[in-house]
Amino acid sequence: MAETGASALPAIPPPATPRIPDPRSPLARAERFVWLNARVLEQRLFAYHFRGGNPDPVETALDAYRNEDGGYGHALDPDLRGPVSQPLHTARALRVLDALGRCGGQRAERVCRYLTSVSTPDGALPLLRAGGEAGPAAPFVPVVADPPGELLATGPVVGLLHGNEVWHAWLFRATDFCWQAAESLESSRPDEIEAAVAFLDTAPDRPRAQAAADRLGRLVRERRLAVLDPDDLDDLDAYPLSPGHGPGGHRFPHDYAREPRSLARAWFTDAEMARSLDFLAAEQEEDGGWPARRPRWAPAPVLEARGRVTIEALRTLRAYDRPLG
């Protein structure tokens, strides 16, 4: 006879059926691409961003690129080969640390000491430090004997440090340089506009940043620095390209506004942004990765860049609540 009343055992629910990821989903296809083709750093980053992975292995992988001078090298930026520290490598390292929430403390102090040592007289960073041990670089990366400070190198670094509330003596002059460059920018180079946005998004003077961003937004539209209707690709010759970018290297609204809270988001209507994100989602290739909009100058750099670009595309789509699967 079955037990009744208070002594009856509660019914045990059947075990939940585990959710099996759809192998055709954008995320699953990208994951397969990353495990087949990407570097360990990007594999660890994918696991952290999309599979609940621990941040420690990401930082361990990043440390392999760090040099004793506090900078980063060893082709962390795939277009610069060789072991020596370079500003572009260090900017990439800061983006990784920022994604982990670890862009501060002694890590930032080490990086700022390196940045101080390589700055130009105006307090800015050059794109590339020339030297006999620098190693091979992509043909579209300018190699000059006495490189000038560039917004391209300085803006993203200063923006990341301000975004993490890092204060260091180097930042004062570098910030002044970025303000002057962003507020006087008249360039038709989309990558310079992106570097300015990276600075303005976290610059400490918010009203000033808003005013500078509004002016750049008008510049982007007037000079056709963003393809507003990806469905009309027959007229791409009318849109300027940054140096080193070949066919497929045009900028779209999502390239400037990587997340909704960016100041650049206000430059585009909801319809323009929706079309841009549709285009980004459709760019996923048959192998699951996204294309790197760079000329193929050697086999490894292009493949290594695709791992990073794939993660960035997924993060942008997720930031705008696009389904990944």
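1. Among contacts in the chain (a contact being heavy atoms within 4.5 Å) between residues at least 6 apart in sequence, 64% join residues at least 24 apart. The model is a predicted one, in which local features need pLDDT of at least 70 and side-chain atom pairs count only at pLDDT 80 or more, while totals for chains, interfaces and linings use all residues. Residues are numbered from 1 along each chain as its sequence is written, and side-chain values use heavy atoms, with hydrogens and water left out.

2. The secondary structure comes to twelve helices and zero strands, where helices (H or I, at least four residues) and strands (E, at least two) are DSSP runs numbered from the N terminus. Read along the sequence, the pattern is α-α-α-α-α-α-α-α-α-α-α-α. Of the 325 residues of the chain, 51% count as buried, a term that means under 20% relative accessible area, with exposed being over 50% and partly exposed in between (1.4 Å probe, protein chains only).

3. Helix H8 spans residues 190-200 and is mostly covered, since nine of its eleven residues are buried. These buried residues are Pro190, Asp191, Glu192, Ile193, Ala195, Ala196, Val197, Phe199 and Leu200. They pack against H6, helix H7 (169-184), helix H9 (206-222) and helix H10 (253-256).

4. Two packed helices are described by the angle between their axes and the distance between the axes. Here the axes are lines fitted to C-alpha atoms, for helices over the stretch in contact, and angles run from 0 to 180 degrees between N-to-C directions. For helix H6 (residues 151-163) and H8, the axes come within 7 Å and cross at roughly 20°. The two helices are therefore roughly parallel to each other, given that angles under 35 degrees count as roughly parallel, over 145 as roughly antiparallel, 65 to 115 as roughly perpendicular and the rest as oblique.

5. On the H6 side the contact is made by Leu151, Leu152, Gly155, Pro156, Val158, Gly159 and His162, and on the H8 side by Asp191, Glu192, Ala195, Ala196, Ala198 and Phe199. Sorted by class, this contact has eight nonpolar, three polar and two charged residues. In this sorting Ala, Val, Leu, Ile, Met, Phe, Trp, Tyr, Cys and Pro count as nonpolar, Asp, Glu, Lys and Arg as charged, and the others, Gly among them, as polar.

6. With H9, helix H8 packs at an angle of about 160°, and the axes are 10 Å apart. That makes H8 roughly antiparallel to H9, and the crossing is left-handed. Ile193, Ala196 and Leu200 of H8 meet Arg206, Ala209, Ala212, Ala213, Leu216, Leu219 and Val220 of H9. By class, the contact of H8 with H9 has nine nonpolar, no polar and one charged residues.

7. Is Arg92 buried or exposed? At 8% relative accessibility, Arg92 counts as buried. Leaving aside neighbours within four places in sequence, Arg92 is in contact with Glu42, Leu45, Leu76, Arg308 and Glu312. Ala91 is buried too, with a relative accessible area of 5%; apart from its neighbours within four places in sequence, Ala91 is in contact with Val157 and Leu160. The C-alpha atoms of Ala91 and Pro156 are separated by 7.0 Å, although these residues are 65 residues apart along the chain.

8. Val118 lies in helix H5 (residues 105-118) and, at 6% relative accessibility, counts as buried. When its neighbours within four places in sequence are left aside, Val118 is in contact with Pro87, Leu125, Pro126 and Arg129. From C-alpha to C-alpha, Val118 and Ser85 are 9.7 Å apart in space, and they are 33 residues apart in sequence.

9. How many disulfides does the structure hold? It holds zero disulfides, a disulfide being a pair of cysteine sulfur atoms within 2.5 Å. For Cys103, which is in no disulfide, the nearest cysteine sulfur is that of Cys112, 8.4 Å away. Cys103 is buried, with a relative accessible area of 3%, and Cys178 is buried with a relative accessible area of 0%.

Methods. A crossing is left-handed if the near helix is turned anticlockwise from the far one by less than a right angle, and right-handed if clockwise.
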